[in-house]
Amino acid sequence: MADFITDQKKTYKIKTINNISEEGLKLLPDNFIAGPDIEDPDAILVRSADLHDYEFTKNVRFIGRAGAGVNNIPVDRCSELGIVVSKAPGANANGVKELALTALLLASRDVLGGIDWVRNYGKDDIAKAVESNKKRFAGPELMGKTLGIIGLGATGRRVAKMGIDMGMDVYGYDPFLSIGNALHLDTRVNVVEDAKDLFKVCDYITIHIPYTPDTKNFVGEELLSVAKDGVRLINIARGGLVDLKVLRNYLESGKVAKYVVDFPDPESVTLPNTINIPHLGASTPESEENSAKMVVRQAVDYLTNGNIRYSVNFPDSNMGTCKSVARVTVNHRNIPNMIGQITAVLAEEHINIANLLNRHRTEWACTMIDVDSPVNEALREKILAIDGVVRVRFL
């Protein structure tokens, strides 16, 4: 084959949207440039900016979300374009865990009400007034109470350990519990198979699951109707996980004593007995740095080697660095005979396969092939012509 070509570049361009930690960007190799004004980038790094109306150029191959959630990214559209979307799971877990502790305390004692009272009282006789009014802001201790955790991923596991260390009886529920997360879970957590069993016994419930179509309004009538009287509910995971219209009735009746949420919206700010926090879960320099470092490493590895890590649309795939003449990576639908069709094209061009890896994730898959022969644009077009193929790269 003539005109040997690969997608390897002398310089890769990374567009940063929002403020991506400089400590993370320092990990970029010398042949990478990054900044908010980059045009026609090879990759995009983003925090919370909404990309649903963003026009992706053909050159964009990777989007790294410097955080845990990807509801600000049009994942389905990216999949159709062959763009790998990855995130930074666990990078902000400690920051969110510490805010969960803050939320537990704020849900228990009316600290905010007490602070406002002192601020508005004035200076005259404040010491005497404090002693006669402090009982208005009293509340229960956490030790000895029952804590329920919905979602036992990186953050949920840390919250569970924190609750145990504080003397709480901890229950956990996770509809998506993986083997890896289960193996790292403290054995003292009482894992239940039905979320109702958690709501029936817990004094405090904190949510740590992603927002998806399946988890929308996860906490609603079915769970709140069986909740323990006076339960305190905490949501610092994502907006949309709690049915606020249903919750309002339970807050007004007192069955739910307090709701703490890190995602204010027009309805949540009108709820009684509710504390709205302005999305501070991952707002720590440590979380931002850890998240940036993770997605920078992912971007570099994908652009230079084709390896995929922590993706939400394509499967994790890792063949290290290419030791052959070239590496062919194919992002495609997870449909029958795809590997056979790809390898048939290579055989027609008398290209020998040195190594092959195929992985799939629900409806999408990735095939990585190291070859011992040169590759060119004609080969790329033949592979792209296969029904279901959305992206072909030569490295």
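M143 sits in the loop between helix 5 (126-133) and strand 6 (146-150). Helices (H or I, at least four residues) and strands (E, at least two) are DSSP runs, numbered from the N terminus. The model is predicted: local features need pLDDT of at least 70, side-chain atom pairs count only at pLDDT 80 or more, and totals for chains, interfaces and linings use all residues. Residues are numbered from 1 along each chain as its sequence is written, and side-chain values use heavy atoms, with hydrogens and water left out.

M143 is exposed, with a relative accessible area of 60%. Exposed means over 50% relative accessible area, buried under 20%, and partly exposed in between (1.4 Å probe, protein chains only). Neighbours within four places in sequence aside, M143 is in contact with M166 and G167. Contact means heavy atoms within 4.5 Å.

A nonpolar surface patch is made by V111, L112 and I115 and covers about 230 Å². Patches are made of residues with over 30% relative accessible area and no salt bridge; like charges are joined within 9 Å, and nonpolar side chains (Val, Leu, Ile, Met, Phe, Trp, Tyr) within 5 Å. A salt bridge is a side-chain nitrogen of Lys or Arg within 4 Å of a carboxyl oxygen of Asp or Glu. L112 is found in helix 4 (residues 111-121). L112 is partly exposed, at a relative accessible area of 38%.

An open sheet is formed by 5 strands in the order 2-1-3-4-5, with parallel pairing. Two strands pair if DSSP finds at least two bridges between them. Strand 2 (32-35) and strand 5 (84-86) stand at the edges with a single partner strand each, so one side of each has no neighbour in the sheet. The twist averages 20° from one strand to the next. Axes are lines fitted to C-alpha atoms, for helices over the stretch in contact, and angles run from 0 to 180 degrees between N-to-C directions. Strand 3 (residues 43-46) pairs with strand 4 (residues 62-65) in the parallel sense over 4 bridges. A43 stands opposite F62 in strand 4. Helix 11 (residues 285-305) lies across strands 1 (12-17), 2, 3, 4 and 5, and runs at about 165° to strand 4.

The protein chain holds 13 helices and 16 strands. Of its 395 residues, 49% are buried.

Terms used:
Accessible areas come from the Shrake-Rupley method with a 1.4 Å probe; for residues, only the protein chains shown count as cover.
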